[in-house]
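Let's take a friendly walk through a protein model, one stop at a time.

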Amino acid sequence: MENNNKKSLFKAKKNAAQAPEVNSSGASGEINAEKADEILREFSKEDNTRSLTKVTSMIVNAFSLFISLFLVYTAAFGSLPAVKQRALYLLCAMVILFLVYPAFSKNTKKGVAWYDYIFAAASFGCCFYAFINYEAILMRYGISNSTDQFVFVILAILVLEGTRRLVSPALSLVTLVFLVYAYFGNYMPGMFQTKAGGLARMADHMFMIPEGIFGSPLGTAATYVSLFVLFSSLLQECGMGDFIRDVALGLTGRSTGGPAKVAVVASAAFGTISGAAAANVVGTGTFTIPLMKDCGYPPEFAGAVEACASTGGQLVPPVMGAACFIMAEYIGIPYSNIMIAGLIPALLYYLSVFITVDLRSKKLGLLGMPKDQLPSVKAAMKSRGHLAIPFLAVIYMIIRQYTISFAALVGIILVLVVSPLKKETRLSFKQIAMAFVNGGQKTVSFGVSCACVGMIIGVATLTGVGNVLGNYILQISQGNLFITLFLVMIMSIIMGMGMPTVAVYIVLATVAAPVLVKLGIPVLTAHFFCFYFGILACITPPVAVPSYAAAAIAGSNPSKTGWVAFKMAFPTFLVPYVFVYEPGLQFNGMGTSPISTIVCICTCILGVYLVAAGLEGYCRRPLVMWKRVLAFAAGICCIVPEHFTDIFGVVVLVYLFISAGKELKAEAGKVSAQ
């Protein structure tokens with residue numbers, strides 16, 4: 001690995017370097033490799049790495065490679081006992097973290113600070129203590145001694161600091177509040193008082209057993225999640241990102257407003273193997289945003305399109321921001337069911353963005369790109385189409401109910417088997433090793449965030465604070481389902497601002513989802529409701545990191561870009577309410593007929609179109625204000641799963657099309673008369 005995580009930027013830089021070849025009229029040449037690097041460092045903590053000496057780099061490489069090989073080995077031959085598997089994984093992740101990521105973002109050019117060597121050594125010692133003393137700890141039946149308590153305190157502090165550096169200061173602060181509550185719970189007033197306070201009880205529950213730090217979130221990260229990260233790393237090293245970009249450009253580049261549609265299609269496809277919104281923005285945005293600006297889109301709109309498209313990648317199966325693996329483990333539902341449940345919400349999300357792009361393009365009279373400037377889809381399929389084989393194989397195995405670990409392992413093996421078939425995708429031994437190294441390092445953020453949120457879950461199960469907070473929500477809403485959904489939505493968006501998808505989901509699954517389950521909502525639907533809004537928080541101002549990253553590329557105002565992205569995605573804010581009231585939208589309805597499910601999907605599509613038309617002010621032609629309001633209201637009526645409201649929405653849509661046709665015919669008549 002080089003001094004910084006340059007491999008994670010490889011595709012973004014390559015896109016940036018190639019952008020002028022596609023369109024050299026000016027804006028395309030603005031985004032170079034250095035700027036892409038700078039933007040990603042600013043908006044993605046995972047890529048804001050420090051410069052390393054040769055010796056330190058070799059140490060980091062060794063630990064990163066060990067993580068990848070360890071995960072592949074345990075997937076093939078069986079995992080270690082839970083605590084040992086998780087402790088060894090966390091050991092490597094924490095050592096890498098303190099050596100690679102500085103305490104403060106502006107210290108990347110400095111070497112490793114002296115205290116970070118101490119932190120790395122302390123992390124190694126604490127995790128190794130849990131690993132080597134597993135049997136002894138097991139024989140104490142969850143009762144800690146003074147040494148266990150000391151190690152727990154040190155490891156908890158290190159996890160909080162690592163989370164602050166790499167994941168989110170907000171998550172670290174929230175976890176600290178929970179820990180303080182667990183320690184002083186004996187002294188809390190009223191319903192918040194708990195007898196589970198004190199250091200001994202905390203260590204017993206959150207260190208001595210597979211709860212807390214070594215809980216199920218870390219277990220998922222140490223198996224399923226990290227294997228898929230490695231699978232994604234290998235695919236990208238083979239050129240999967242270039243393949244997706246070329247196919248998207250070839251399919252949609254010639255249509256009205258083609259470059260913007262390329263961004264939507266490419267980001268949706270890229271999200272199937274990725275899931276990090278800011279990284280997706282830079283990975284595809286360095287190529288698509290300059291093209292959109294050249295095409296005539298305002299900078300704010302160009303940035304907003306890429307921000308929305310990249311954020312939605314976390315909703316697209318099979319990866320879904322890696323939170324789906326945690327969800328499967330947490331609620332005990334097969335991952336294939338969760339993947340199927342995410343199909344229609346992801347479709348509606350991208351349909352909303354695509355329709356908005358299409359309407360804005362027609363409103364501005366923007367054309368597509370010339371055919372001679374577009375790559376050939378046939379050529380892309382011929383050179384890299386075989387890379388889809390591992391991806392499709394993984395999806396097939398998941399649907400056939402193979403274990404997630406085995407499916408990911410088969411996917412990794414297939415990448416290594418099919419990549420040598422073509423020269424364009426063939427990897428040398430060094431490139432394969434580097435892909436494993438980079439894949440191992442990319443799992444670090446998942447490991448530390450899962451260890452951190454594991455402590456939140458540990459406090460919730462130890463003290464029952466999750467039930468207390470849930471009861472407060474129910475008291476405020478008086479048991480009204482819609483009000484409860486609205487309050488959970490607000491909580492999900494606030495918690496999701498500036499926090500990674502996995503961490504957001506786990507926190508919400510602990511505090512908010514049980515509230516919805518109490519009101520009779522199916523478990524999968526309740527958890528998906530929180531997960532969906534946790535992702536939409538990424539493009540909800542004032543904290544909208546993907547929008548700010550896209551604005552940096554587009555050269556636009558970050559705040560305006562954020563609000564344009566919010567407006568673009570607004571129709572999808574209604575979708576989670578639909579699959580609560582109509583579970584068939586997620587193929588999750590008990591007794592829901594296929595016909596009602598199809599009708600619901602169709603009316604939702606019409607509703608998304610009408611809401612977008614109302615917000616954009618265009619439906620075959622520009623709409624006057626009262627027609628915009630009518631279209632917006634009709635769209636909401638279509639999205640609401642009621643037959644009467646659906647009929648009203650369809651009638652309005654027909655009226656708008658007919659009236660627009662008459663106006664266009666009248667205008668054509670005037671032109672011909674002149």
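Is V523 buried, partly exposed or exposed? With a relative accessible area of 35%, V523 is partly exposed. Before we look at its surroundings, keep in mind that this is a predicted model, and let us step back to see the whole chain.

Of the 674 residues, 60% count as buried. The accessible surface of the chain comes to about 25,900 Å², and carbon and sulfur atoms account for 67% of that area. How do the parts of the chain meet? Take contacts between residues at least 6 apart in sequence: 80% of these join residues at least 24 apart.

Now back to V523, which sits in helix α27, made of residues 523–536. Which residues does V523 touch, once its neighbours within four places in sequence are left aside? The answer is I331 and V517. The C-alpha atom of V523 lies 9.8 Å from that of G332, although 191 residues separate the two in sequence.

Helix α26, residues 513–518, is our next stop, and A513 belongs to it. A513 counts as buried, because its relative accessibility is 0%. What does A513 touch, not counting residues up to four places away in sequence? Its contacts are L508, A526, H527 and C530. For one of these, H527, we also have a distance: 14 residues along the chain from A513, with 5.4 Å between the two C-alpha atoms.

The relative accessibility of T56 is 3%, so T56 counts as buried. The side chain of T56 makes a polar contact of 2.9 Å with the side chain of T53. Beyond its neighbours within four places in sequence, T56 is in contact with L99, V112 and Y117.

Let us now look at whole helices. Helix α28, residues 545–554, is mostly covered, with seven of its 10 residues buried. Which ones are they? The buried residues of α28 are P546, S547, A549, A550, A551, I553 and A554. Just after this helix comes G555, whose phi is positive, at about 70°.

Q478 lies in the loop between α23 (465–477) and α24 (481–496). Is Q478 buried or exposed? Its relative accessibility is 68%, so Q478 counts as exposed. The phi of Q478 is positive, near 55°, in a residue other than glycine.

R620 is another residue with a positive phi that is not a glycine, and here the value is about 70°. You can find R620 in the loop between α31 (594–616) and α32 (625–639). R620 is partly exposed, with a relative accessible area of 37%.

Which residues make a nonpolar surface patch of about 720 Å²? They are L173, L176, V177, V180, Y183, F184 and Y187. Among them, F184 is in the loop between α8 (169–183) and α9 (199–206). F184 is partly exposed, because its relative accessible area of 40% falls between the cut-offs for buried and exposed.

Key: Residues numbered from 1 in each chain as written. Heavy atoms only, no water. Patch = residues over 30% accessible without salt bridge, like charges linked within 9 Å, V, L, I, M, F, W, Y side chains within 5 Å. Areas by Shrake-Rupley, 256 points an atom, 1.4 Å probe, with all protein chains shown as cover. Salt bridge = Lys/Arg side-chain N within 4 Å of Asp/Glu carboxyl O. Helix = DSSP H or I, 4+ residues; strand = E, 2+ residues; numbered from the N terminus. Buried < 20%, exposed > 50% of the residue type's maximum accessible area, 1.4 Å probe, protein only. Contact = heavy atoms within 4.5 Å. Polar contact = N/O pair within 3.5 Å; in protein donor to acceptor, adjacent residues only side chain to side chain.
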